[in-house]
Amino acid sequence: MAGHVRTKTGSRLGTGPGNTCGILTVSGGTIGRVSTYRESAVVLRVTKLGEADRIVTMLTRRSGRVRAVAKGVRRTKSKFGGRLEPFSHVDLQLYAGRNLDIVIQAESLDAFGSVIAADYSKYTVATAIAETAERLTSEEREPSLRLYLLLVGALRALADTGRDPSLVLDSFLLRAMALAGWAPALTECARCNRPGPHAAFHVAAGGLLCQDCRSIGSARPAIPTVELMAALAHGDWNTADAAGGSSRREASGLVAALLQYHLERGLRSLPMVDRTQPEPGPALIVELADQIPVTDIGVVR
Ligand SMILES: [Zn+2]
């Protein structure tokens, strides 16, 4: 009976990768077929459920965004320990429930959850990254492998490198927007494709605009700012790491404005991000991006 095992309640139902089916037996009696599956996942968010349980929202490698119940996780003697905290990268065994799945087992794949939680800048950035990942997966169980890989890469860069967390965030946001089909035009004109560089940047138009296409309400970011955004979008870290503080802050403002334009409502966590690491630069666009509706963004300077 390939693919089927008999098991007692609470015992591990499957050990291999992929999906397994089992027939759940209690005191020797079969109560029905159950199916378990194994997944790699990053925990995006946890919410309380009852006295001791939690609902864990995660982005999985194969199954997209999944919500599952972790029983007893808030007890001090939880078998999961601290492995199901936000930003944990885990290998899970799950039981496919009727409504929500149930976490049977959790093994840590990377320890970056605890590293990130110990650093305020990294924590606020990771929170914005996780919220973005959740918002960009509007449908549960819609496979999002590329977003999953991008998410793991961003959290690993936050935890394991000395890279400016703010740059890691903006790189993640630009690349996540590209996966969603919202890549801004950073070298050519967003309207006519004329090769740049161009001086005008218009959020609603989707990036740079040439002299002929530019419209009222365009921003005029410094050339190094746009170069930084292009480097972040393509993972060119040699260029990104060399960027000055004012370019970083201006790029952050434009990236936030682009994201806010595409999402129905802005990210709750983005204004909380600690951007203090680079030297302070012009705050104009950052303020606009955080506080003013996007239709008003874009000041000709
Ligand atoms: Zn044009």
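Which helix does Leu254 lie in? Hello everyone, let's start there: Leu254 lies in helix α7, residues 245-262. Helices here are DSSP runs of H or I with at least four residues, strands are runs of E with at least two, and both are numbered from the N terminus.

A word on ground rules. Residues are numbered from 1 along each chain as its sequence is written. This is a predicted model, where local features need pLDDT of at least 70, side-chain atom pairs count only at pLDDT 80 or more, and totals for chains, interfaces and linings use all residues.

That pLDDT is the predictor's confidence in each residue, from 0 to 100. The chain averages 83, and 80% of the residues score at least 70. Two stretches stay under 50: residues 1-19 and residues 278-301. Where pLDDT is low, the predicted coordinates should not be read in detail.

Now the overall picture. The chain has 8 helices and 9 strands. Of its 301 residues, 42% count as buried, meaning that 20 or more other C-beta atoms, placed from the backbone, lie within 10 Å of the residue's own; 12 or fewer is exposed, and in between is partly exposed.

Back to Leu254. Leu254 counts as buried because it has 28 C-beta neighbours inside 10 Å. Asp170 is 84 residues away from Leu254 in sequence, yet their C-alpha atoms are 9.6 Å apart in space.

Next, please look at helix α5, residues 223-234, where Leu228 lies. Is Leu228 buried or exposed? Leu228 is buried, because 29 other C-beta atoms lie within 10 Å. Beyond its neighbours within four places in sequence, Leu228 is in contact with Ala240, Ala243, Ser247, Arg248 and Ala251; contact means C-beta atoms, placed from the backbone, within 7 Å. From Leu228 to Ala240 is 12 residues in sequence and 5.6 Å from C-alpha to C-alpha.

Let's move to Met229. Setting aside neighbours within four places in sequence, Met229 is in contact with Leu174, Leu186, Ala251, Leu254 and Val255. Met229 also belongs to the largest nonpolar core, which has 78 residues; Ile129, Leu151, Leu155 and Met229 touch the most other members. This core draws at least three residues from each of domain 1 (6-110) and domain 2 (121-272). A nonpolar core is a set of buried Ala, Val, Leu, Ile, Met, Phe, Trp, Tyr and Cys residues joined through C-beta atoms within 7 Å, and the domain bounds come from an automatic or database domain assignment.

How do the helices pack? The axes of α4 (residues 165-179) and α5 come within 8 Å and cross at roughly 70 degrees. These axes are lines fitted to C-alpha atoms, for helices over the stretch in contact, with angles from 0 to 180 degrees between N-to-C directions. So α4 and α5 are roughly perpendicular; the classes are under 35 degrees for roughly parallel, over 145 for roughly antiparallel, 65 to 115 for roughly perpendicular, and oblique for the rest. Among the residues that meet are Leu174 in α4 and Met229 in α5.

On to α3, residues 145-160: its axis comes within 10 Å of that of α4, crossing at roughly 175 degrees. The two are therefore roughly antiparallel.

Finally, find Thr187 in the loop between α4 and β8 (200-202). Thr187 counts as partly exposed because it has 15 C-beta neighbours inside 10 Å. Its contacts beyond four places in sequence are Pro195, Gly196 and Ala230.
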